[in-house]
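Here is a short briefing to read alongside the model. Please keep the sequence and the 3D view open as you go.

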Amino acid sequence: MSHPSNEEVVAAFEAIHQDAANWRRSADTLNMAAAHARSLNLSGTHLGYLADSGGVTSKYQEVQDLAVRLLTEGARAMQEMAGVLVSVVEDYQYTDAEASISFKTIGEPK
């Protein structure tokens, strides 16, 4: 199995960074949706006496809270995914730099 060329490694890093950016954009979209969902406020006045007395208002609030929570959690998970992708690249680069230093040290005459 051959080792990847420098160009292939750079292309892979760029692709990973692009994926991380896509995850962050998706997280931003979910955060925006959560903010919009949070701003939707219907009360008994909006729904009417019968709906309010029948529990529709409280059920509406439960569903709204659930939607906001799920959207927020999804955004957080997407941000974490982006962070993990960037960490993978940084770890690879750090390990590669350390290995390079080790090889240079081994090759130096004593």
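A residue counts as buried when its relative accessible area is under 20%, as exposed when over 50%, and as partly exposed in between, using a 1.4 Å probe and protein chains only. By that scale R69 is partly exposed, because its relative accessible area is 42%.

Please bear in mind that this is a predicted model, in which local features need pLDDT of at least 70 and side-chain atom pairs count only at pLDDT 80 or more, while totals for chains, interfaces and linings use all residues. Residues are numbered from 1 along each chain as its sequence is written, and side-chain values use heavy atoms, with hydrogens and water left out.

**The overall picture**

- The protein chain has four helices and zero strands, and its elements run α-α-α-α from the N terminus on.
- Helices (H or I, at least four residues) and strands (E, at least two) are DSSP runs, numbered from the N terminus.
- The chain has 110 residues, of which 15% count as buried.
- Taking contacts (heavy atoms within 4.5 Å) between residues at least 6 apart in sequence, 77% join residues at least 24 apart.

**Helix α1**

- Helix α1 covers residues 6–39, and its 34 residues should span 50 Å at 1.5 Å a residue, which agrees with the 50 Å between its end C-alpha atoms.
- The expected span is 1.5 Å times one less than the number of residues in the helix.
- The buried residues of α1 are V9, F13, A20, A27, L30, A34 and A37.
- N22 also lies in helix α1, and N22 is partly exposed because its relative accessible area is 32%.

- The structure holds one aromatic pair.
- That pair is F13 with Y92, in an edge-to-face arrangement with 5.3 Å centre to centre and 75° between the planes.
- F13 belongs to helix α1 and Y92 to helix α4, so the pair ties together parts that are 79 residues apart in sequence.
- Rings of Phe, Tyr and Trp (its six-membered ring) pair if their centres lie within 6.5 Å; planes under 30 degrees apart count as stacked, over 60 as edge-to-face and the rest as tilted.
- F13 is buried, with a relative accessible area of 14%, whereas Y92 is partly exposed at 41%.
- N22 and M78 are 56 residues apart in sequence, and their C-alpha atoms are 9.2 Å apart in space.
- Q79 and W23 are also 56 residues apart along the chain, with 6.6 Å between their C-alpha atoms.
- Q79 lies in helix α4 and is partly exposed at 33% relative accessibility.
- Not counting residues up to four places away in sequence, Q79 touches R24, A27 and D28.

**Q64, a buried polar residue in α4**

- Is Q64 buried or exposed? At 8% relative accessibility, Q64 counts as buried, and Q64 lies in helix α4.
- The side chain of Q64 reaches the backbone oxygen of L40 at 2.3 Å.
- This falls under polar contacts, which are pairs of N or O atoms within 3.5 Å; within protein, one must be able to donate a hydrogen and the other to accept it, and residues adjacent in sequence count only if both atoms are side-chain atoms.
- Leaving aside neighbours within four places in sequence, Q64 is in contact with A37, R38, S39, L40 and N41.

- How many salt bridges does the structure hold? There are two, a salt bridge being a side-chain nitrogen of Lys or Arg within 4 Å of a carboxyl oxygen of Asp or Glu.
- K59 and E62 both lie in helix α4 (residues 56–107), three residues apart, about one turn of the helix.
- K59 is partly exposed at 46% relative accessibility, and E62 is partly exposed with a relative accessible area of 46%.
- R69 forms a salt bridge with E73, and their closest N and O atoms are 3.2 Å apart.
- About one helical turn separates R69 and E73, because they are four residues apart in helix α4.
- An α-helix has 3.6 residues a turn, so residues three or four places apart point the same way.
- E73 is partly exposed, with a relative accessible area of 34%.
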